[in-house]
Amino acid sequence: TTLAACTFEFATAPIELAHGSLTHPAVQVLHTACSVVWTLDIVLSFLTAVYINGALRFDLRTIALEYSRTWLCMDIVITTCEWLAFVQFIESKPASILRIFRMLRLSKLLRMWKVYQRLSEILFHRVNILIAHLSVIQMCMAYLGGLHVTS
């Protein structure tokens with residue numbers, strides 16, 4: 001759901017900045033759904049393990065400290081602006097300045113990029129180990145097959 005919300009935000013934020021708020025009821029429902037997703041994302045971020053110095057940490061205190069140190073402040077500011085924009089929309093007042101903060105949500109993509117890089121690094125390391133093991137097995141099989149005998 002977070003990926004769907006990111007995609008929606010990524011697609012609509014530039015349009016809203018250029019042409020004003022999109023007022024179609026379906027778009028407003030999706031905006032509200034995204035606000036709910038981002039609010040839940042704050043809660044779930046306190047329960048998501050974090051890497052610290054290359055070690056995956058699961059204890060809630062460490063997770064809370066790391067999240068507070070990195071993304072919490074920005075998440076609260078942006079999510080608060082999302083809900084204020086929702087309230088202003090319900091009251092039929094323009095909320096264009098608050099929609100600008102929606103662009104900040106796209107910075108969450110940086111976090112996804114970091115996760116992608118970390119997973120790529122781990123996968124690359126594992127593939128190198130697998131290749132090394134296969135090379136050792138190949139050399140052992142060649143030795144056992146008689147290729148070690150010199151003429």
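Predicted model: local features only at pLDDT ≥ 70, side-chain atom pairs only at ≥ 80, totals over all residues.
Residues are numbered from 1 along each chain as its sequence is written, and side-chain values use heavy atoms, with hydrogens and water left out.

The protein contains seven helices and two strands, where helices (H or I, at least four residues) and strands (E, at least two) are DSSP runs numbered from the N terminus. Along the sequence, these elements follow the pattern α-α-β-β-α-α-α-α-α. Of the 151 residues in the protein, 25% are buried; here buried denotes a relative accessible area under 20%, exposed over 50%, and partly exposed the range in between, with a 1.4 Å probe and protein chains only.

Packing was examined for helices α2 and α4. Two packed helices are described by the angle between their axes and the distance between the axes. The axes of α2 and helix α4 (residues 72-90) come within 10 Å and cross at roughly 150°; axes are lines fitted to C-alpha atoms, for helices over the stretch in contact, and angles run from 0 to 180 degrees between N-to-C directions. The two helices, α2 and α4, are therefore roughly antiparallel to each other, given that angles under 35 degrees count as roughly parallel, over 145 as roughly antiparallel, 65 to 115 as roughly perpendicular and the rest as oblique. The crossing of α2 past α4 is left-handed, a term applied if the near helix is turned anticlockwise from the far one by less than a right angle, the clockwise case being right-handed.

Individual residues of these helices were also considered. Thr-32 belongs to helix α2 and is partly exposed, at a relative accessible area of 22%. The C-alpha atoms of Thr-32 and Phe-86 are 7.1 Å apart in space, although 54 residues separate the two in sequence. Ile-76 is located in helix α4 and is partly exposed, at 40% relative accessibility. Between Ile-76 and Trp-38, the C-alpha to C-alpha distance is 9.3 Å, with a sequence separation of 38 residues.

Side chains of opposite charge can pair when their charged atoms come close. Two salt bridges are present in the structure, a salt bridge being a side-chain nitrogen of Lys or Arg within 4 Å of a carboxyl oxygen of Asp or Glu. In one of them, Arg-57 pairs with Asp-59, and the closest N and O atoms are 3.5 Å apart. Arg-57 is partly exposed, with a relative accessible area of 32%, and Asp-59 is likewise partly exposed, with a value of 33%. Arg-69 forms a salt bridge with Glu-66, for which the closest N and O atoms are 2.8 Å apart. Both Arg-69 and Glu-66 lie in helix α3 (residues 60-70), three residues apart, or about one turn of the helix. Arg-69 is exposed, at 60% relative accessible area, whereas Glu-66 counts as buried, at 17%.

One aromatic pair was identified, under the rule that rings of Phe, Tyr and Trp (its six-membered ring) pair if their centres lie within 6.5 Å, with planes under 30 degrees apart counted as stacked, over 60 as edge-to-face and the rest as tilted. The ring centres of Phe-46 and Tyr-67 are 5.0 Å apart and the planes lie at 90°, so the pair is edge-to-face. This pair links distant parts of the chain, 21 residues apart: Phe-46 is in the loop between α2 (25-45) and β1 (50-52), and Tyr-67 is in helix α3. Phe-46 is partly exposed, with a relative accessible area of 27%, whereas Tyr-67 is buried, with a value of 4%.

A search of the whole structure returned zero disulfides, a disulfide being a pair of cysteine sulfur atoms within 2.5 Å. Cys-34 is buried, at a relative accessible area of 6%, while Cys-73 is exposed, at 57%.

A backbone feature was noted at Asn-53, which has a positive phi of about 55° although it is not a glycine. Asn-53 is situated in the loop between β1 and β2 (55-57) and is exposed, with a relative accessible area of 79%.
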